[in-house]
Amino acid sequence: MIQGKAEMLENGKGFIHSAYDTFPIPSVIKLDFFVKRTRRAEQKLTRFGVFHRDNYTCQYCGKAEKQLTIDHIIPRSRGGEHTWENTTTACIPCNLHKAGRTPEQAHMTLLSKPKIPQNNLPFYLPHRYVNHIKEWNKYLEPYDVR
Ligand SMILES: [Zn+2]
């Protein structure tokens, strides 16, 4: 901001004072030039993230149940990994039915092929602060990031 490369959109935390100057402490800035990220940051695998990706719907029977579980498609006992591509959302009955089997062995079909969610946000977002900084709300609303 001091070099004129970024513009403050929100001042979140007031000002800091040096001996001669006062500087705002921004919580949202806009860069004059978009900084192209060479590699998209992969989202950390969480239960919530898998449910969110799968639209809170069991990927075996298609029901949007309140109680959902994470199913390892290739069971961990058979060497399946804990990755985005090997996890899916399952309701409790489907998960119990599938048990320690692969979908093929259990004669179950997945409604969607699990993928790594892509972070297509046009901004850098430190996710751990999302619910704590109120002035971000109007910028985040269109992107469904919670
Ligand atoms: Zn189900």
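Is Asp-54 buried or exposed in this structure? Asp-54 is buried, with a relative accessible area of 5%, where buried stands for under 20% relative accessible area, exposed for over 50%, and partly exposed for what lies in between, with a 1.4 Å probe and protein chains only. Before I go on, please keep in mind that this is a predicted model, in which local features need pLDDT of at least 70 and side-chain atom pairs count only at pLDDT 80 or more, while totals for chains, interfaces and linings use all residues. Residues are numbered from 1 along each chain as its sequence is written, and side-chain values use heavy atoms, with hydrogens and water left out.

In general, side chains of opposite charge can pair when their charged atoms come close. The term salt bridge is used here for a side-chain nitrogen of Lys or Arg within 4 Å of a carboxyl oxygen of Asp or Glu, and a search of the whole structure finds four of them. In one of these, Asp-54 pairs with Arg-53, with the closest N and O atoms 3.0 Å apart; Arg-53, at 22% relative accessibility, counts as partly exposed.

Another salt bridge joins Lys-98 and Asp-71, whose side chains meet at 3.1 Å, N to O. Because Lys-98 lies in helix α2 (residues 92-98) and Asp-71 in strand β3 (residues 68-72), this pair ties together parts that are 27 residues apart in sequence. Helices here are DSSP runs of H or I with at least four residues, and strands are runs of E with at least two, numbered from the N terminus. Both partners are buried: Lys-98 has a relative accessibility of 0%, and Asp-71 has a relative accessible area of 3%.

A further salt bridge is formed by Lys-138 and Glu-10, the closest N and O atoms being 2.9 Å apart. This pair links distant parts of the chain, since Lys-138 sits in helix α3 (residues 137-140) and Glu-10 in strand β1, 128 residues apart. Here the two partners fall into separate classes, with Lys-138 exposed at a relative accessible area of 56%, whereas Glu-10 is buried at 15%.

Now to the metal site. Which protein atoms are the donors of the zinc ion? They are the SG atoms of Cys-58, Cys-61, Cys-91 and Cys-94, lying 2.3 Å from the zinc ion, and along the chain these donors follow the spacing C-x2-C-x29-C-x2-C. Donors are taken as N, O and S atoms within 2.8 Å of the metal, or 3.2 Å for Na, K and Ca, and water is not among the atoms, so sites may look incomplete.

For reference, the ideal angle for four tetrahedral donors is 109.5 degrees. As for cover, Cys-58 is buried at a relative accessible area of 0%, while Cys-61 is partly exposed at 36%.

Turning to the aromatic side chains, the structure holds one aromatic pair, namely Phe-48 with Tyr-56, which is edge-to-face at 6.4 Å centre to centre and 65 degrees between the planes. Rings of Phe, Tyr and Trp (its six-membered ring) pair if their centres lie within 6.5 Å, and planes under 30 degrees apart count as stacked, over 60 as edge-to-face and the rest as tilted. Phe-48 is partly exposed, with a relative accessible area of 46%, and Tyr-56 is likewise partly exposed, at 33%.

Ala-64 and Thr-102 are 38 residues apart in sequence and, C-alpha to C-alpha, 22 Å apart in space.
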